[in-house]
Amino acid sequence: MKKILAKVYIWILLIILYAPLVFIAVCSFTESRVLGSWSGFSFKLYQNLLTGIMPGEASLIDAVDNTLFIALISAVLSTLLGTVAAIGIYNLKGKYRKAVLFANNIPMINPDIITGVSLFLLFVFLHFSQGMVTVILAHVTFGTPYVVLSVMPRLQQMNPNIYEAALDLGATPFQALRKVLIPELRPGMASGFILAFTMSLDDFAVTFFTRGTVGLDTLSTYIYTDARKGGLTPELRPLMTIIFLVILVLLLVINIRKEKQAKKLQYIKK
Amino acid sequence: MAQKIIEFKHVSKSFDGKSVLKDINLYVNKGEFITLLGPSGCGKTTLLRMIAGFLEPDEGELLLDGKPLAGIPPHERPLNTVFQRYALFPHLDVYDNIAFGLKLKKVPQDEIDKRVRRVLKLVAMSDYEDRDVETLSGGQQQRIAIARAIVNQPKVLLLDEPLAALDLKMRKDMQIELKEMHRKLGITFIYVTHDQEEALTLSDTIVVLNEGKIQQIGTPTDIYNEPVNCFVADFIGESNILKGRMTGKRRVAFIKHEFDCVDDFEFDERVDVVIRPEDIYFTTDPAKCQFKAKVNTCTFKGVHYEMWVDTDTGYELMIQDYDPYPVGSEVMLYIDPDDIQVMHKERLCNTLYGKVKDEETITLLDGDFPLPNSFESGTEVKVEIPFDAIDLMDNLDDGVVDGEVHFILYKGNHYHLTIKTDDGNSLWVDTNDIWDKGDLVGIRLLPEKGIKITKKDE
Amino acid sequence: MSKRSSWSIPYVVFLVLFVVLPLVLVLMYAFQDGTGHFTLKNIGKFFTDKDALSTFAVSVEVALENTAICILLGYPAAWILSNKKYNRSAVTIILFIMPMWINALMRTLATAQLFTMLGISLGKGTLLFGMVYDYLPFMIYPIYNVLNKMDKSYAEAAVDLGATPWKAFWKVTVPLSMPGVMSGVLMVFMPTVSTFAISEFLTNNKIKLFGTIIQENINSSAWNYGAALAFIMLIIIGLTSLLSKDKEQAEGALI
């Protein structure tokens with residue numbers, strides 16, 4: 001009885017949580033330009049989106065391109081910077097370590113708007129013209145802390161002797177790093193990269209304040225402007241649906257891999 | 001006459017279809033210190049959790065003071081537990097941890113104060129009332145965990161490997177304190193451990209468990225001196241376990257010699273023989289000598305020397321003695337009839353049930369084994385496999401099915417292994433190869449070694 | 001080994017430049033007038049600006065309500081998800097986390113559109129619903145993490161000592177899961193106060209939240225006043241994160 005109640009509760013929450021997403025997904029299969037009205041089943045919106053031929057809305061494709069480009073570049077930079085930083089911080093001691101970790105936490109605790117406004121003031125103050133570069137720098141700012149926090153636990157779990165073992169066996173420090181340390185840290189780097197990448201994809205506020213006035217649009221700012229204009233470009237519906245599915249698959253794959261690894265570990269332990 | 005406080009009647013339990021306890025019958029006397037002893041996964045913690053009420057038996061009955069416990073939730077049982085890693089509440093200080101149970105029972109505040117102080121004194125932690133439990137050492141947390149349980153004056157105190165997290169020295173000290181506490185409190189202690197030495201030191205009664213079955217119940221001396229089977233003999237203390245055969249009235253043959261013994265078994269019965277290493281004596285008197293051997297290794301172990309000797313008949317035996325004998329020297333040995341523990345063999349071969357696939361193949365243990373036979377395909381058959389007719393392979397792909405080495409017994413000149421197959425069955429294998437516990441092996445059968453195939457139910 | 005502590009230098013420089021300096025600039029702009037002279041006028045303006053004050057009050061109110069609803073709905077959900085008796089599949093948890101990875105603006109717009117289609121007029125109610133909808137996963141996940149990692153023997157010990165399961169839950173499980181609740185609060189309360197765009201979409205511009213007035217001032221080049229408002233928000237952040245004892249742990253709970 002309790003079990004049924006618990007299940008019902010969970011499923012009601014999930015249904016509410018997913019209703020709007022499902023609603024959008026359903027509406028992506030009709031041609032009607034007004035959301036919520038059904039004018040028959042059609043793949044037209046998907047066709048438009050995938051061929052890039054959209055009545056007067058070509059900039060949506062640019063926004064998608066920008067979003068992916070910014071996410072990719074900033075996630076790569078965050079991963080490099082964050083991994084090196086994590087190794088450094090791991091070897092720091094006492095007060096310094098605490099101070100750096102505290103600073104590392106600031107962008108995560110700060111609401112996006114504070115990060116956005118403060119970076120905006122920085123670029124204004126430095127007379128740095130805002131555009132793609134500033135947006136990427138801003139995204140590296142909030143992405144790197146996640147990489148640091150993903151890599152640090154791997155360092156802590158790692159047997160501190162393996163680096164020395166590599167040196168002992170004749171590896172140069174660089175070889176030891178490349179052949180022993182990095183492979184050990186790879187899972188942490190990967191999850192840090194994914195976090196930084198999705199944070200970037202998801203970002204609106206920081207981009208909004210750091211993109212300048214050159215007309216640079218990411219998906220978020222595009223949606224914002226679009227919605228302010230009153231309507232929603234119908235092609236956004238198939239786009240949302242696709243993103244939704246991609247993320248679902250991605251998360252499931254990551255989780256299944258994690259579970260497999262855990263099982264493997266158990267097996268080895270046995 | 002001792003009074004039974006806890007009684008298990010035909011209790012069985014399984015998790016996800018895997019049986020962890022099989023038909024357990026056991027009683028605990030009032031005031032007794034009883035230890036459930038066995039390797040991890042033997043079901044001892046499951047038994048304890050059933051008494052505490054966190055698990056209910058699938059079958060059978062559990063009685064407290066003669067009354068069934070079924071359906072009584074753990075919070076209404078007059079029993080308390082000392083948990084494995086103590087489970088002290090980190091958000092409460094020492095005083096509030098100990099007072100937790102009393103406050104729930106709405107005991108008046110001054111009474112709580114009095115009782116908390118009293119148990120703190122008992123566990124020698126009087127000045128720690130206000131301490132945060134996370135600042136305490138392992139040993140101190142241990143004491144608080146015991147205090148938190150006994151302050152409620154339970155009828156039975158359940159202890160789930162309470163000393164496992166402590167270091168060796170601390171463990172020894174706590175053993176003495178626990179024993180002392182048991183004496184002072186006079187309540188029943190049910191203690192779970194995998195440490196045979198701890199069990200021998202602490203208990204009035206030991207219950208040895210393995211694979212969900214009670215192997216033996218007895219006093220520490222009984223269990224040590226008269227183990228009922230190879231498992232108990234091997235698990236408790238050091239021992240030489242050897243294959244033997246009865247050759248006459250109170251006569252048993254092993255290591256290709258004949259000895260007098262005190263056990264009276266049927267003539268020609270195949271048996272297992274246990275000799276404790278301290279029960280093999282050196283002699284210089286040829287008249288006393290029963291067999292000769294050559295000293296192979298000699299190691300000082302603190303109080304005694306441990307020696308491995310090769311007998312003149314090709315067996316290896318372990319001997320413990322206060323005097324060392326030089327490596328390579330020829331020695332004369334004898335064993336007292338009293339010290340020869342003869343046990344019935346648990347099984348003489350592996351008995352499996354399978355189905356004939358064709359005249360060359362039989363399906364067993366979820367694998368198709370090449371076994372020539374004269375039965376029609378589809379016939380259900382019983383297959384009896386001698387211990388030495390099973391071949392274990394390093395390479396899993398070379399075997400028909402996979403298994404894991406679960407238990408190893410050295411029998412003087414060969415190893416007797418218990419293998420768990422992937423489908424959950426056990427196989428017993430005699431081999432000269434050295435394996436380690438946990439090794440994964442491929443399993444093959446050797447039909448030329450005399451595998452007997454008969455129709456099922458014949 | 002210690003030489004490798006120098007590897008933190010590039011990041012330290014980066015942090016100083018892109019995290020510390022910008023916050024110093026917020027402070028600087030907040031206490032300067034247009035010509036670069038020190039002034040308290042910007043801060044003073046906020047406390048005399050009725051619109052700003054009422055927006056602030058509404059924001060805090062909405063944020064408090066949102067946080068409270070998220071705890072009330074999210075705690076039971078996290079508890080059920082972490083309880084092996086009720087939930088054994090990791091997929092259910094993924095389903096709860098997944099919305100966190102989808103663009104909040106998209107989700108909000110979808111919600112607003114659904115309301116419009118269902119004929120529900122946009123206002124305070126829809127704003128709260130949308131906020132809960134947006135932030136519930138952020139509450140569930142950290143609580144779930146703490147509950148899931150919690151040693152089950154704590155609750156068992158409480159029951160063993162005579163607590164009914166219900167009492168054991170309130171006296172042991174809940175207090176021990178507070179770090180998860182705190183990090184949930186941290187991740188729901190502040191973002192709610194500071195959102196812009198979301199509240200506009202969900203109320204058809206009827207209700208403005210604090211984030212929106214910061215954005216409006218910055219966008220209309222009133223940087224000093226915008227910075228002053230951002231500074232006020234920074235102070236609230238400081239206060240809320242003081243409430244959660246261990247920030248590192250709180251944030252760590254998310255990953």
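Two residues are in contact here if their C-beta atoms, placed from the backbone, lie within 7 Å. The views below show a predicted model.

**View 1. The contact between chain C and chain A.** Chain C contributes 73 residues to this contact, and chain A contributes 67 residues. On the side of chain C that touches chain A, the largest share comes from helix H1 (residues 9–30) of chain C. That helix supplies 15 residues. By residue class, the side of chain C that touches chain A holds 53 nonpolar, 14 polar and 6 charged residues.

**View 2. Domains of chain B.** Chain B is divided into domain 1 (4–231), domain 2 (238–344) and domain 3 (350–455). Taken over C-alpha atoms, the centres of domain 1 of chain B and domain 2 of chain B are separated by 39 Å. Domain 1 of chain B gives 5 residues to the contact between these two, and domain 2 of chain B gives 5 residues. The side of domain 1 of chain B that touches domain 2 of chain B comprises 3 nonpolar, 1 polar and 1 charged.

**View 3. Fold and extent of chain B.** Chain B contains 8 helices and 30 strands. Along the principal axes, its C-alpha atoms fill a box of roughly 80 × 65 × 45 Å. Chain B has 458 residues, of which 36% count as buried. Among contacts in chain B with a separation of 6 or more, 64% link residues 24 or more positions apart.

**View 4. Confidence along chain B.** The average pLDDT of chain B is 91, and 100% of the residues score at least 70. Within chain B, confidence is highest in strand S3 (residues 33–37) of chain B, at 96. Confidence is lowest in strand S30 (residues 452–455) of chain B, at a mean of 89.

Definitions and conventions: Residues numbered from 1 in each chain as written. Chains lettered and ligands numbered in written order. Predicted model: local features only at pLDDT ≥ 70, side-chain atom pairs only at ≥ 80, totals over all residues. Helix = DSSP H or I, 4+ residues; strand = E, 2+ residues; numbered from the N terminus. Nonpolar A, V, L, I, M, F, W, Y, C, P; charged D, E, K, R; others polar. Domains from an automatic or database assignment. Buried ≥ 20, exposed ≤ 12 C-beta atoms within 10 Å, placed from the backbone. pLDDT = per-residue confidence, 0-100.
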